[in-house]
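Here is a short briefing to read alongside the model. Have the viewer open and follow the topics in whatever order you like.

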Amino acid sequence: LSFNIYREQIITRGGSGAAGRKIVFLKNVKRGHPTDFELKVGFRTSGGEKIHYANAKIGGTNFYWNIPEPERGLQSGIRYGAYRVKGGRARIQWANTQYIKVQK
């Protein structure tokens, strides 16, 4: 009747598996109800410090996350889809999708 939305977050750059990444629950969305997703990734500075961020807005709720070791980050991107489905199947339908890349 619904789907849980998660984000896979790195613990340390270059890490893999449970020691290098963790799965973080973000939100539950109802099946059959269109839900808006907005994903933003990139770099910014605050107080002279480099910040590498991966922020999401799902159904009007914001989820902010600063990626560790931002000084090692060279680029940023987004991957999305149904990566893990337990106990069933998933069909995701995308509508009105835009990808805007800003190179600074």
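This is a predicted model: local features need pLDDT of at least 70, side-chain atom pairs count only at pLDDT 80 or more; totals for chains, interfaces and linings use all residues.

Contact here means heavy atoms within 4.5 Å. Residues are numbered from 1 along each chain as its sequence is written, and side-chain values use heavy atoms, with hydrogens and water left out.

**Overall picture**

- The protein has one helix and six strands; helices (H or I, at least four residues) and strands (E, at least two) are DSSP runs, numbered from the N terminus.
- Along the sequence, these elements come in the pattern β-α-β-β-β-β-β.
- A box of roughly 45 × 35 × 20 Å, taken along the principal axes, holds the C-alpha atoms of the protein.
- Of the 104 residues in the protein, 21% are buried, where buried means under 20% relative accessible area, exposed over 50%, and partly exposed in between (1.4 Å probe, protein chains only).
- Contacts that join residues at least 24 apart make up 39% of those between residues at least 6 apart in sequence.
- The protein exposes about 8,800 Å², and carbon and sulfur atoms supply 48% of that area; accessible areas come from the Shrake-Rupley method with a 1.4 Å probe, and for residues only the protein chains shown count as cover.

- You will find R13 in the loop between β1 (2–10) and α1 (17–20).
- R13 is buried yet has no salt bridge, and the nearest side chain of opposite charge, E69, is 5.6 Å away.
- A salt bridge is a side-chain nitrogen of Lys or Arg within 4 Å of a carboxyl oxygen of Asp or Glu.
- What does the side chain of R13 reach at 3.1 Å? At that distance lies the backbone oxygen of P68.
- A polar atom of the R13 side chain also lies 2.8 Å from the backbone oxygen of E69.

**Charges and salt bridges**

- The protein has 19 positive and 6 negative charges, and their mean positions are 9 Å apart.
- For this count, Lys and Arg are positive and Asp and Glu negative, while His and the chain ends are not counted; the place of a charge is taken as NZ of Lys, CZ of Arg, CG of Asp or CD of Glu.
- The salt-bridge count comes to three.
- One of them joins the side chains of E8 and R21 (4.0 Å, N to O). E8 lies in strand β1 and R21 in strand β2 (residues 21–30), so this pair ties together parts that are 13 residues apart in sequence.
- E8 is partly exposed at 36% relative accessible area, and R21 is partly exposed at 30%.
- K40 pairs with E38 in a salt bridge, with the closest N and O atoms 3.4 Å apart; K40 is partly exposed at 48%, as E38 is at 38%.
- R72 forms a salt bridge with E69, the closest N and O atoms being 3.0 Å apart. R72 is partly exposed at 48% relative accessibility, and E69 is partly exposed at 25%.

**The segment after β6**

- V102 lies in the segment after β6 (66–67) and is exposed, with a relative accessible area of 59%.
- V102 and G42 are 60 residues apart along the chain, and their C-alpha atoms are separated by 9.3 Å.

Key. A polar contact is a pair of N or O atoms within 3.5 Å; within protein, one must be able to donate a hydrogen and the other to accept it, and residues adjacent in sequence count only if both atoms are side-chain atoms.
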